[in-house]
Amino acid sequence: MTKFKHMTALAVLLTIATSGARAGAADDINGDGVVNVTDVTALANKVLGTASYSDDDSCDLNGDGQVNVTDVTTLVNTILGGGGHDMRLVGGDISMLPRHEAAGAKYYGSAGLVSDMIAYYKSAGWNAMRVRLFVDPSQAPAAHRQEGVVQDLPYVEALGRRIKEAGMQLVLDFHYSDTWADPGKQTMPSRWSSIGSPAQIADSVYAYTLASLQALAAAGATPDYVQVGNEITYGMLWPTGHCWPTGEGVDGGSWDNLARYLKAGCRAVREVCPQAKIIIHTELSKMDNATHFYSQAQARGIDYDIIGLSYYPAYHGTIPALSQELDTLESRFPAKPIVLAELGYSYAWPLGGTQHDLTATYPYTEAGQAQLAADLVNCLHARHSHVKGLLWWWPEQNECGNTGTQVTSGWWNASLVDSRNGHIEQATYELGKF
């Protein structure tokens, strides 16, 4: 009975669905070459069991391993342009903005001194801001706190509320750690270090995620997108969740444990923020890692919406190399939009540990950085309709005008602000064109 009630509600939406709407071949359920209301009817009949137009894999549009009413909703949203394949995010991870503001940083746009950077980013065409959350950053090593590990729940509530009040979308980035979580380290939070079994760790992930999201919602900072883990190419919550993207365990960890932790976090998101999109975020240290990782996630039935990738040209290579990897992901996972959840390129000096020197094409100057941003946007427009988001990492880093000590111990050379003078870099506006 519930299933038919859902279908009745969807029928209202179908009355305004337009013929030949923009979508990919994966949405052409009945195979007639266009995506429109007839495909919704075909998929609804598939769900109801009254007809079979295609195989289950083709009908599983949201990639959750099942064919049901949620796939019909996904298709309707695609046709109506209300979400799914038509979302588009442009923004940055501004997790350190309050610290820079408190230190007296001065930002200068084309018209002079900027008083509100969130409003300024919005005027530049940005519509989304990402903020990280640590379990207990007070337990992080002192050196890490000096590098920006400060985002506890009250901090994120305040910054998230500002972002939402500015009319922008909030991307919440769960680091399931007290400190940086990335491909080289995924340290268990101190408060969970005495937990024994993976099942108990999963319970902690669920409870912590649930409580954090409830607190953010109560604070007026309900996220629109939620990253369950940060750069988890090699798992998270080590050692038990440590694994290779190809499926093998590392140091006693396993993919089964990682899947258990991801499912726990995703379940909490679905319960507290049912409208939010879930991002599973990896990086591109080896270009085939992402394909292996998301294949494992698919095989284990991880419930998520969006593939998230970090792309730093100095570490991951050229735009054509990225484009090739995107081709593979788009072909292999046609129902999953992609967001470049972290992006950065230097405006003045090379990044530490640079592996790919692209300065012949993109010199370390404001113009070189802007050209890379412009070429990336043009490539995505021309070739990669599945990519629906660009988020620059730490664009607000700025030591200009500080009244005290530096906010962090070093400069982030891939900021979109010149720390020498507070000038907002041209790449800011190139990103807005996405």
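**Note on the predicted model**

1. The mean pLDDT of the protein chain is 88, and 86% of its residues reach 70 or more, where pLDDT is the predictor's confidence in each residue, from 0 to 100. Over residues 1-25 the pLDDT is below 50, although this stretch has 35 contacts in the model beyond near neighbours in sequence, a contact being heavy atoms within 4.5 Å. Residues 80-85 also have a pLDDT below 50, with 13 contacts beyond near neighbours in sequence. Where pLDDT is low, the predicted coordinates should not be read in detail.

2. As to the basis of this note, the model is a predicted one, in which local features need pLDDT of at least 70 and side-chain atom pairs count only at pLDDT 80 or more, while totals for chains, interfaces and linings use all residues. Residues are numbered from 1 along each chain as its sequence is written, and side-chain values use heavy atoms, with hydrogens and water left out.

3. The protein chain has 15 helices and 10 strands; helices (H or I, at least four residues) and strands (E, at least two) are DSSP runs, numbered from the N terminus. Of its 434 residues, 56% count as buried, where buried means under 20% relative accessible area, exposed over 50%, and partly exposed in between, with a 1.4 Å probe and protein chains only. The accessible surface comes to about 16,800 Å², of which 52% belongs to carbon and sulfur atoms; such areas come from the Shrake-Rupley method with a 1.4 Å probe, and for residues only the protein chains shown count as cover. Among contacts between residues at least 6 apart in sequence, 73% join residues at least 24 apart.

4. Strand β1 (residues 89-93) is mostly covered, since five of its five residues are buried. It pairs in the parallel sense with strand β10 (residues 387-393) over five bridges, and two strands are said to pair if DSSP finds at least two bridges between them. In that pairing, Val90 stands opposite Leu390 in β10. β1 also pairs in the parallel sense with strand β4 (residues 128-133), over three bridges, and there Gly92 stands opposite Met129.

5. Strand β7 (residues 277-283) is largely enclosed by the rest of the structure, because six of its seven residues are buried. Strand β6 (residues 225-228) runs parallel to β7 and is joined to it by three bridges, with Ile278 in β7 as the bridge partner of Val226.

6. Gly308 belongs to strand β8 (residues 306-311) and is buried, with a relative accessible area of 0%. Leaving aside neighbours within four places in sequence, Gly308 is in contact with Ile279, Ile280, His281, Thr282, Tyr294 and Val339. Gly308 and Ile278 lie 30 residues apart in sequence, and their C-alpha atoms are 9.5 Å apart in space.

7. Helix α8 (residues 153-165) has 13 residues and reaches 18 Å from its first C-alpha to its last, close to the 18 Å expected at 1.5 Å a residue; the expected span is 1.5 Å times one less than the number of residues. Its buried residues include Tyr155, Val156, Glu157, Leu159, Gly160 and Ile163, and what covers the buried residues of α8 includes α5 (97-102), α6 (117-123), β4, β5 (169-174) and α9 (198-218). At the start of α8, a side-chain oxygen of Asp152 reaches to within 3.1 Å of the backbone nitrogen of Tyr155. After the helix comes Gly167, whose phi is positive, near 80 degrees.

8. Helix α9 has 21 residues and reaches 30 Å from its first C-alpha to its last, close to the 30 Å expected at 1.5 Å a residue. Just after α9, Gly220 takes a positive phi of about 80 degrees.

9. The loop between β6 and α10 deserves a separate look. Pro239 is placed in this loop, and the peptide bond from Trp238 to Pro239 is cis, with omega near 10 degrees. Asp251 lies in the loop between β6 and α10 as well; its phi is near 50 degrees, a positive value in a residue other than glycine, and Asp251 is exposed, with a relative accessible area of 65%.

10. Trp394, in the loop between β10 and α15 (427-432), has a phi near 55 degrees, a positive value in a residue other than glycine. At 8% relative accessibility, Trp394 counts as buried.

Note on methods:
Polar contact = N/O pair within 3.5 Å; in protein donor to acceptor, adjacent residues only side chain to side chain.
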